[in-house]
Every structure is written in structure tokens, then in C-alpha cells.
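Thanks for coming, everyone. Let me put the structure up, and then we can walk through it together.

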Amino acid sequence: MMTNFRNIPGVPHKGWSLDTVYDIRDDGQTEEETNYEACMMCGNEKIRYVHVLSHPEYSQQMKVGCNCAEKMTDDYINPTRYERNLRNKSARRQNWLKTNWKFSRQGDYYLKRDGHILIIFIDKRSGLYQGKIDNTFGRKKYKTVDLVKVALFNGIEYLKSKGQW
């Protein structure tokens, strides 16, 4: 069990800055497989969305849950907003995995989405699956079709963040 820093002298309770928020669950990982974090401030266990905070008068970053992040940063909007964005992305990823793909005459999976063509095919040399968005081939190869689907989802999310989708 992780230390509860709330009652340790010298640990500030206010004046923290939110550095980042991340989802502890890896792509394709189930709830049972997830190694959750514990909030460093209150000790609450099973934190999936980790808020990383820093303080000018404290050398260590704190990894905390949303409620502690709000109190420590005195910001009751952004920690919740960032976590909601991650939750929404996770839900989109789950829905993406349920999407019905079609089969080409060559036996490849394909999907037309927003004017783009996504293809999942087997690399003849390795026997592993690989993905392609339009004319851009993914660099990695995967053991399962679902892992390629997640990689393509992440590629689409990246392209959207750059305004290229």
C-alpha cells in the first residue's frame, strides 16, 4: 500500500500545478489485468486516471486521483475535463473494436471512415498483422487483428490532434 502523504509534515496541500493526466490501462487491457495506482495524497486505491502534479516547494511529483487533484490545484474544472476526455477516448476505443470491418477480395480487412481507407493485412514475411491508413503503412506488426485495430485507432486520434483527419 502506498504512503498517504496528507498527514506528512512538509507536504503542501495547495499550490500544486497539473502536469498531465494519463490512463493507467494499456491498450486492449481488461479491467482485471489493469494494475491500478493509489492516490499518493489520500491513499485511495484503484486510481485508473492518474493526475500528475508538481509544486515549486516540493521536489517530488504527486500522482493523485481527480478529487485530490482538484483540491491541491484549486482548479475544479481542468482535472475533471482532462479525465473526462480520457474516459471518452477509452469509450471510443471500445466502440471502435466493435466496428464491423469488411473483407476485400485479397482477404484483407478494410474500412472506409471519413473519406479514408483503413486496411488490415497479413505481412507475408512475418505472418503477423499490419495496418495501413490510406497510403501510409504502420511500422509495427501485431499478433492479433484487435491489436492492429487499436493501433489504427491511435493513429486516427493522432491525425485528428494534428488536424489531418
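Start with helix H3. H3 gives nine residues to the lining of the largest pocket, the most of any element. Helices here are DSSP runs of H or I with at least four residues, strands are runs of E with at least two, and both are numbered from the N terminus.

Before the details, a word on what you are looking at. This is a predicted model, where local features need pLDDT of at least 70, side-chain atom pairs count only at pLDDT 80 or more, and totals for chains, interfaces and linings use all residues. Residues are numbered from 1 along each chain as its sequence is written, and side-chain values use heavy atoms, with hydrogens and water left out.

Back to the pocket. How much space lies in the largest pocket? About 600 Å³. A pocket, on a 1 Å grid over the protein atoms alone, is an open set of points where a 1.4 Å probe fits, with protein on both sides within 12 Å along at least five of seven lines; lining residues have an atom within 4 Å of a point. Grid points are joined across faces, edges and corners, and the volume is the space filled by probe spheres set on the points.

The largest pocket is lined by 23 residues. Closest to its centre are Ile-133, Gly-138, Arg-139, Ala-151 and Gly-155. Two or more lining residues come from each of strand S9 (129-133), strand S10 (136-137) and helix H3 (145-161). By class, the lining has 11 nonpolar, seven polar and five charged residues. Nonpolar covers Ala, Val, Leu, Ile, Met, Phe, Trp, Tyr, Cys and Pro; charged covers Asp, Glu, Lys and Arg; the others, Gly among them, are polar.

Next, the second largest pocket. It holds about 200 Å³ of space. Its lining has 15 residues, and Asn-44, Ile-47, Gly-65, Cys-66 and Asn-67 are the closest to its centre. Strand S3 (45-47), helix H1 (66-73) and helix H2 (78-97) each supply at least two of the lining residues. H1 gives the most, with four. Here the classes are six nonpolar, three polar and six charged residues.

Now the strands. S9 and S10 also belong to an open sheet of five strands, in the order S6-S7-S8-S9-S10, with antiparallel pairing. Strand S6 (102-103) and S10 are the edges, each pairing on one side only. Two strands count as paired if DSSP finds at least two bridges between them. Inside this sheet, strand S7 (residues 109-113) and strand S8 (residues 116-122) run antiparallel, joined by five bridges. Look for Arg-113, which stands opposite His-116 in S8.

Move to S4. Is S4 mostly covered or mostly open? Mostly covered: six of its seven residues are buried. Buried means under 20% relative accessible area, exposed means over 50%, and partly exposed is in between, with a 1.4 Å probe and protein chains only. S4 pairs with S1 in the antiparallel sense over six bridges. Val-21 stands opposite His-51 in S4. S4 also runs antiparallel to strand S5 (residues 58-64), with four bridges between them. A hairpin of two residues joins S4 to S5, and the bridge partner of His-55 in S5 is Tyr-58.

Last topic: charge pairs. Side chains of opposite charge can pair when their charged atoms come close. A search of the whole structure finds four salt bridges, each a side-chain nitrogen of Lys or Arg within 4 Å of a carboxyl oxygen of Asp or Glu. I'll show you some of them.

Take Arg-48 and Asp-23, with their closest N and O atoms 2.8 Å apart. Arg-48 is in the loop between S3 and strand S4 (49-55), Asp-23 is in strand S1 (residues 17-23), and they are 25 residues apart. Arg-48 counts as buried, at 16% relative accessibility. Asp-23 counts as buried too, at 18%.

Then Lys-46 and Glu-31, at 4.0 Å from N to O. Lys-46 is exposed at 54%, while Glu-31 is partly exposed at 45%.

Finally, Arg-87 and Glu-83 meet at 2.8 Å, N to O. Both lie in helix H2, four residues apart, about one turn of the helix. Arg-87 is partly exposed at 45% relative accessibility, whereas Glu-83 is buried at 10%.
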